[in-house]
Amino acid sequence: MRKSVVLGALSVCLSWVSFSLAQPPQRPSPPAPEGEAKSAKGETDPVQKRLTGFEESLSFMESTLVKRVDDLMLFHRLEDVAVVDKVRYTGPPPRVIKNPTGQGAGNPVIISAYTFFPRAHPAPKKLPLIILVHGGVHGDFNSNNVHIVRELLQQGYAVLAPEYRGSTGYGKDFWQLIDYGGLETEDVFAGRQWMLENHDNIDRERIGIMGWSHGGMITLMNLFAHPKDYQVGYAGVPVSDLVARMGYKDQAYRDQFSASYHIGKTAEEDVNEYRRRSPAWNAEKLETPLLIHTTTNDEDVNVLEVEHLIKGLKAAGKKFEHKVYQNAPGGHAFNRIDTKLARESRAEVYRFLGKYLNPPNPAK
């Protein structure tokens, strides 16, 4: 019975995938439901409001389906080298609670995460752990990361990939819990704690954290907030200065941060809040070995953000390593793609991590 249900679900998913092949290959981004539809006279238009709500519901439904199909791909592509699971644990309560006196108000947020354990490793020995943090405003961990996970597993790392609050694929309510540069940090740290509590074969003295872009930012904020709990970190093209970022991004991007369910204010209205969430403005807190990579032609995170971070770390007298690539092919994704340069850059990352985590099969 169970087999037939699974096959039926797969059939529906595959039918959807076949249809989607004719569409542009992009992950859906559900709209931020701010405000109400207005008529020409400035009055609320009930018909348009219902249509907008229906469109929003379809968008969230589509993103959930995309997530489920992608999970199948992720599990399938790694099953030869990894024991893969998807787990749930709790992070802090929401920062913004719509109804503080309502039933369940203030409950911890339930976080999903992927766990990957290498199939080939010495059973009696404990494993080093890498926390791999996905990027993107409302991004998610997906099968685009397979090659990086595979490379980490081949070195003998266990890997945890958290789907912190605001990630796409878990419905509107979870999507609206986003707290960019805030409680996302603690969601990821809670994943570290969960791994230690539930897996005796993880070595608590060999834990690293890494990520790119927004994931690089969360990596940095974890190192700043919990300096004794990680042995090493890597931040690739990290978002580093939200104040500067709000200045060079367009209004649609800025609106995501000032939405009522998020920060709720613009950088102009509360610049200190944006500084609090920015690694460049917290550089003096670094105590953990750190490697930073960026490139001058990054089309997403302008190099000026990372330059501010690097200057802040130097001014604070911090020891760290960094490399600014000059016009690296691939721009923002330059060392996550499949070029020779990307593989060489990732090998540099793995050698740096390996110095502090001592994996069974370190990168050459």
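These legends describe close-up views of one predicted protein model.

The model is predicted: local features need pLDDT of at least 70, side-chain atom pairs count only at pLDDT 80 or more, and totals for chains, interfaces and linings use all residues. Residues are numbered from 1 along each chain as its sequence is written, and side-chain values use heavy atoms, with hydrogens and water left out.

**Figure 1. The whole chain.** The protein chain has 11 helices and 8 strands; these are DSSP runs numbered from the N terminus, with helices being H or I of at least four residues and strands being E of at least two. Of its 364 residues, 49% are buried, where buried means under 20% relative accessible area, exposed means over 50%, and partly exposed lies in between (1.4 Å probe, protein chains only). The accessible surface comes to about 17800 Å², and 53% of this belongs to carbon and sulfur atoms. Accessible areas come from the Shrake-Rupley method with a 1.4 Å probe; for residues, only the protein chains shown count as cover. Among contacts in the chain with a separation of 6 or more, 75% are between residues 24 or more positions apart; a contact means heavy atoms within 4.5 Å.

**Figure 2. Strand 2 and its two partners.** Strand 1 (residues 82-91) runs antiparallel to strand 2 and is joined to it by 10 bridges; two strands pair if DSSP finds at least two bridges between them. V87 has A113 of strand 2 as its bridge partner. Strand 4 (residues 158-163) is also antiparallel to strand 2, with 5 bridges joining them. Here F116 is bridged to V159 in strand 4. In a regular strand the side chains alternate between the two faces of the sheet.

Figure 3. F54, L58 and M61 make a nonpolar surface patch of about 340 Å². Patches are made of residues with over 30% relative accessible area and no salt bridge; like charges are joined within 9 Å, and nonpolar side chains (Val, Leu, Ile, Met, Phe, Trp, Tyr) within 5 Å. A salt bridge is a side-chain nitrogen of Lys or Arg within 4 Å of a carboxyl oxygen of Asp or Glu. L58 lies in helix 2, residues 46-78, and counts as partly exposed because its relative accessibility is 41%.

**Figure 4. The surroundings of N335.** N335 sits in the loop between strand 8 (321-325) and helix 11 (340-357). Its relative accessible area is 0%, so N335 is buried. Not counting residues up to four places away in sequence, N335 touches W212, Y234, H293, A342, S345 and R346. The side chains of N335 and W212 make a polar contact at 2.8 Å. A polar contact is a pair of N or O atoms within 3.5 Å; within protein, one must be able to donate a hydrogen and the other to accept it, and residues adjacent in sequence count only if both atoms are side-chain atoms.

**Figure 5. Two residues with positive phi.** Most residues other than glycine have a negative phi. H138 has a positive phi, near 60 degrees. This residue is in the loop between strand 3 (127-133) and helix 3 (146-155), and H138 is buried, with a relative accessible area of 11%. N358 also has a positive phi, near 50 degrees. N358 is in the segment after helix 11 and counts as exposed, at 55% relative accessibility.
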